[in-house]
Amino acid sequence: MIKYPDKLKENDVIGIAAVSDGANLKKIDSSISNFNHLGFKVVETENVRNSNKFVSTSGKARAQEFMQLWQNKDVKYIISARGGEFLMEMLPYLDEYSNLIRITNPIKWVQGYSDPSLLLFYLTTKYNIATIHGENVGEFAMELDHFHDGLKNIISFLKSNDREFVQNSYDKYQLEEFEEGNMSGYNLTEKVEYKLFGSMDKEISVEGRMIGGCIEAITPIIGTKFDHCQKFCCQFDEGMIWYLDNYELNAVKFYIKLWQMRQAGWFDNVNAFLIGRTFGGASLGEFTYLDALRNALYDLNVPIIYDADIGHVSPQISVINGSYGKIEYNNGKMKLIQKMI
């Protein structure tokens with residue numbers, strides 16, 4: 001059974017943790033100001049503004065700082081400071097807090113993407129705790145008048161009593177990578193078009209439990225003691241919807257990662273794939289991105305939707321790991337319905 005944290009109320013405390021790299025941005029103050037304006041208080045851990053070689057501090061210290069927020073009864077929601085490269089370094093130390101994580105009541109929402117998506121993946125697959133794959137704190141720096149619907153949607157969901165979270169695909173996306181802390185908002189110039197791989201269907205509907213993250217971040221745990229994915233996925237009779245964010249892998253490296261995941265049994269109970277737009281995906285020789293999807297996934301005979309609003313190519317929808325999801329795809333557009341059941 002999935003455990004869902006309580007929703008947020010006026011004056012609840014948001015905790016910012018540098019679980020990977022530190023924000024190292026003066027404009028983090030703008031994000032904090034926006035959260036205050038939205039009715040929340042904010043605390044940050046010691047190393048949120050530090051950045052050195054892709055991390056804020058040691059793996060041990062990051063685990064300790066995360067647990068400070070996790071055990072703080074006033075903190076209801078934890079958001080990651082930034083992406084990075086080496087979140088996996090904190091898992092051995094976080095594993096030492098297994099009993100504290102398991103028995104903490106109430107649990108709290110944890111949100112982030114890119115490298116921090118491994119933390120979300122670990123919390124959901126090991127402890128059945130719902131987590132949010134969505135913007136890190138830097139995206140919330142944009143002026144409130146420029147807040148994109150993606151930011152508004154997750155805040156509205158967290159402040160509501162609804163047990164259902166409905167999002168629609170966007171109309172436009174930003175071609176260049178978003179600069180965290182950009183106060184003027186996204187530069188939306190490109191048409192959004194979701195694509196259904198290897199099918200002539202114009203319309204499909206598929207359901208299952210949501211799980212996934214940034215593929216570069218979550219796959220290093222394959223074969224380690226931190227890999228609880230196959231057991232997690234196979235507990236749900238309704239099957240799984242896998243969503244994946246490929247930040248910068250070329251077609252060959254993307255295929256290798258998908259192959260590893262499949263051989264580890266991660267896709268044993270899959271109903272569909274939802275794959276985000278990517279800054280990577282470049283062909284290597286004659287091997288293309290579509291070859292990667294075909295070779296790794298096509299014979300599973302499930303829908304493969306790609307170029308979705310997920311991950312590094314802004315804006316993105318928020319995905320609740322562990323939620324019961326329903327995808328309604330129609331001719332390049334999508335509605336994602338996530339139920340907290």
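Mentor: By class, five nonpolar, six polar and seven charged residues line the largest pocket. This is a predicted model, where local features need pLDDT of at least 70 and side-chain atom pairs count only at pLDDT 80 or more, while totals for chains, interfaces and linings use all residues. Residues are numbered from 1 along each chain as its sequence is written, and side-chain values use heavy atoms, with hydrogens and water left out.

Trainee: What makes a set of points a pocket?

Mentor: On a 1 Å grid over the protein atoms alone, a pocket is an open set with protein on both sides within 12 Å along at least five of seven lines, whereas a cavity is a set where a 1.4 Å probe fits but cannot get out; lining residues have an atom within 4 Å of a point. Points are joined across faces, edges and corners, and the volume is the space filled by probe spheres set on them. The largest pocket has a volume of about 390 Å³. Its lining has 18 residues, with Arg-82, Gly-83, Glu-177, Glu-180 and Tyr-247 closest to the centre.

Trainee: Which residues lie nearest the centre of the second largest pocket?

Mentor: They are Gly-84, Glu-85, Asp-115, Glu-216 and Ala-217, out of 13 lining residues. The volume of the second largest pocket is about 210 Å³, and its lining has seven nonpolar, two polar and four charged residues.

Trainee: On to the rings. How many aromatic pairs does the structure hold?

Mentor: There are 18 aromatic pairs. Phe-121 and Trp-266 make a tilted one, because their ring centres lie 5.2 Å apart and their planes meet at 35°. The rule pairs rings of Phe, Tyr and Trp (its six-membered ring) with centres within 6.5 Å, and calls planes under 30 degrees apart stacked, over 60 edge-to-face and the rest tilted. This pair links distant parts of the chain, 145 residues apart: Phe-121 is in helix H5 (residues 117-127) and Trp-266 is in the loop between helix H9 (251-263) and strand S12 (270-276). Those elements are DSSP runs numbered from the N terminus, helices being H or I of at least four residues and strands E of at least two.

Trainee: Why is the pair of Phe-157 and Phe-165 called stacked?

Mentor: Their ring centres are 4.5 Å apart and their planes are at 20°, so the pair is stacked. Lys-7 also lies over the face of Phe-157, 3.9 Å from the ring centre; the rule asks for NZ of Lys or CZ of Arg within 6 Å of the centre and within 35 degrees of the ring normal.

Trainee: Why does Phe-121 count as buried?

Mentor: Its relative accessibility is 0%, so Phe-121 counts as buried. The scale is under 20% for buried, over 50% for exposed and partly exposed in between, with a 1.4 Å probe and protein chains only. Trp-266 is buried too, at 1%. Phe-121 and Trp-266 belong to one aromatic cluster with Trp-242, Phe-267 and Phe-273.

Trainee: What makes H5 mostly covered?

Mentor: Ten of its eleven residues are buried, among them Leu-118, Phe-121 and Tyr-127. Lys-126 in turn is partly exposed, at 21%.

Trainee: How do you know that the side chains of Lys-126 and Asp-95 meet in a salt bridge?

Mentor: The N to O distance is 2.5 Å, and the definition asks for a side-chain nitrogen of Lys or Arg within 4 Å of a carboxyl oxygen of Asp or Glu. Asp-95 is buried, with a relative accessible area of 19%. By this rule the count comes to eleven salt bridges.

Trainee: What makes Glu-89 and Arg-62 a salt bridge?

Mentor: Their side chains meet at 2.6 Å, N to O. Glu-89 is in the loop between strand S3 (75-80) and helix H3 (91-94) and Arg-62 is in helix H2 (residues 59-71), so the pair ties together parts 27 residues apart in sequence. Glu-89 counts as partly exposed because its relative accessibility is 34%, whereas Arg-62 is buried at 1%.

Notes
Nonpolar A, V, L, I, M, F, W, Y, C, P; charged D, E, K, R; others polar.
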